[in-house]
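I opened my notebook to look up a few things in one structure. I wanted helices first, then sheets, then a single residue.

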Amino acid sequence: MTTRPDVDLIVAGAGPAGVAAAVMAASLHLSTLLVEATAIGSKLTAIGALDNVPGNWTTGPDLATALEQDITRHQQTGRLTLLTARAHRVTGHDHHAELTLHDGRTLTARDIIVATGVTPLTTTDTPWITTPQPQPLPLPPLWRTTPDNLTNHTTIVLGADRPLGTWLRAHPDAPVHLEVLHPPADTYKTAEVHHDPRVRLVSVTRAVVEPLAQGQVRVTADGPSAGGYRRTVGAVVTNLGSSPAALAGLSRGLDGYCPPGRQHPRVHVAGDLKGARMQRVGIAMGDGGRAALTAYYRDHS
């Protein structure tokens, strides 16, 4: 017996790639279900500067608001439905695909696009950082931090990933001093912040992060340029990169990302989930639209 799908297309994740996929599918008159656990474009709200996306968007919150308006507009046509739920597993079959939610419900569609993006790495995911305490030290990521939170004279940033440059552009007049510790292999990432007077770059091979009394944190490091680095500060943030937030059932590569060619023909991946080089808002949006077109043409050609 052939399962009759609930909708033509399910999109899991309402970030830039997922919204682009849902809008493209709805515009092609596909009945589309967009599944999102939190809010449309939620990660965009923490991006203070956005100068590499067409459309004159200057901040992430501006773009998030526009994406939400796009979804509302297509909901009004009756071809797009937004479901607030957390996706868990995706499964492909000959004539349909299934999305299982964390609450146990199973949704069906002719095709499913997974655009669940990435999640920030923590100190426990990073081999060059040691945290001696039994429980992981809860350090906020830089991209979710405002200058008002960095009231100390010096803030230690663990990692030199690209959001550092975005954060500095978003807050050009912030009177901060950032000591950025990073492994030698990540030196190439520091090119755009190398000349910012608010930044001191420190190449390290190992760093030990220890919580002290009254909210203070001690960081001890050694390496090529660290020497006997030892500093106690009140603010330490992470900037360590990200890892794919892949659903169960997806085929993953050795790096944890999900190559499109390794997925079931009725399961498509879009945006950051495909690979580290996809992590640009504009690229993710274009890729989401491409995924929707791929799903459309498999049954309309």
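Before the helix pair, I noted how an axis is set: it is a line fitted to C-alpha atoms, for helices over the stretch in contact. Angles run from 0 to 180 degrees between N-to-C directions. I also kept in mind that this is a predicted model.

**Entry 1: a helix pair**

I looked up helix H1, residues 16–27, and helix H4, residues 281–298. They pack at an angle of about 35°. Their axes are 7 Å apart. I then checked the handedness: H1 passes H4 in a right-handed crossing.

Next I listed who makes the contact. From H1 I found Pro-16, Ala-17, Ala-20, Ala-21, Met-24 and Ala-25. From H4 I found Val-281, Ala-284, Met-285, Gly-288, Gly-289, Ala-292 and Leu-293. I sorted the residues of this contact of H1 with H4 by type: 11 are nonpolar, 2 are polar and none is charged. Gly counts as polar in this sorting.

**Entry 2: a mixed sheet**

I turned to an open sheet of 4 strands. I read its order as S8-S12-S13-S14, and its pairing is mixed. Which strands stand at the edges? I found S8 (129–130) and S14 (229–233) there. Each has a single partner strand, so one side of each is left without a neighbour in the sheet.

I followed S8 to its partner. S8 and S12 (residues 206–211) run parallel, joined by 2 bridges. Ile-129 stands opposite Ala-207 in S12.

**Entry 3: a parallel sheet**

I looked up another open sheet of 4 strands, in the order S11-S10-S9-S15. Its pairing is parallel. S11 (199–203) and S15 (236–238) are at the edges.

I then checked S9 (residues 155–158) against S10 (residues 178–182). I found 4 bridges joining them. The bridge partner of Ile-156 in S10 is Glu-179.

**Entry 4: one threonine**

Last, I looked up Thr-126. I found it in the loop between S7 (118–120) and S8. Is Thr-126 buried or exposed? Its relative accessible area is 9%. Buried means under 20%, so Thr-126 is buried.

What does its side chain reach? The side chain of Thr-126 reaches the backbone oxygen of Thr-122 at 3.0 Å. I also checked Thr-126 against His-194. They are 68 residues apart in sequence and 23 Å apart in space, C-alpha to C-alpha.

Note on methods. Residues numbered from 1 in each chain as written. Predicted model: local features only at pLDDT ≥ 70, side-chain atom pairs only at ≥ 80, totals over all residues. Heavy atoms only, no water. Left-handed = near helix turned anticlockwise from the far one by under 90°. Contact = heavy atoms within 4.5 Å. Pairing = 2+ DSSP bridges. Buried < 20%, exposed > 50% of the residue type's maximum accessible area, 1.4 Å probe, protein only. Polar contact = N/O pair within 3.5 Å; in protein donor to acceptor, adjacent residues only side chain to side chain.
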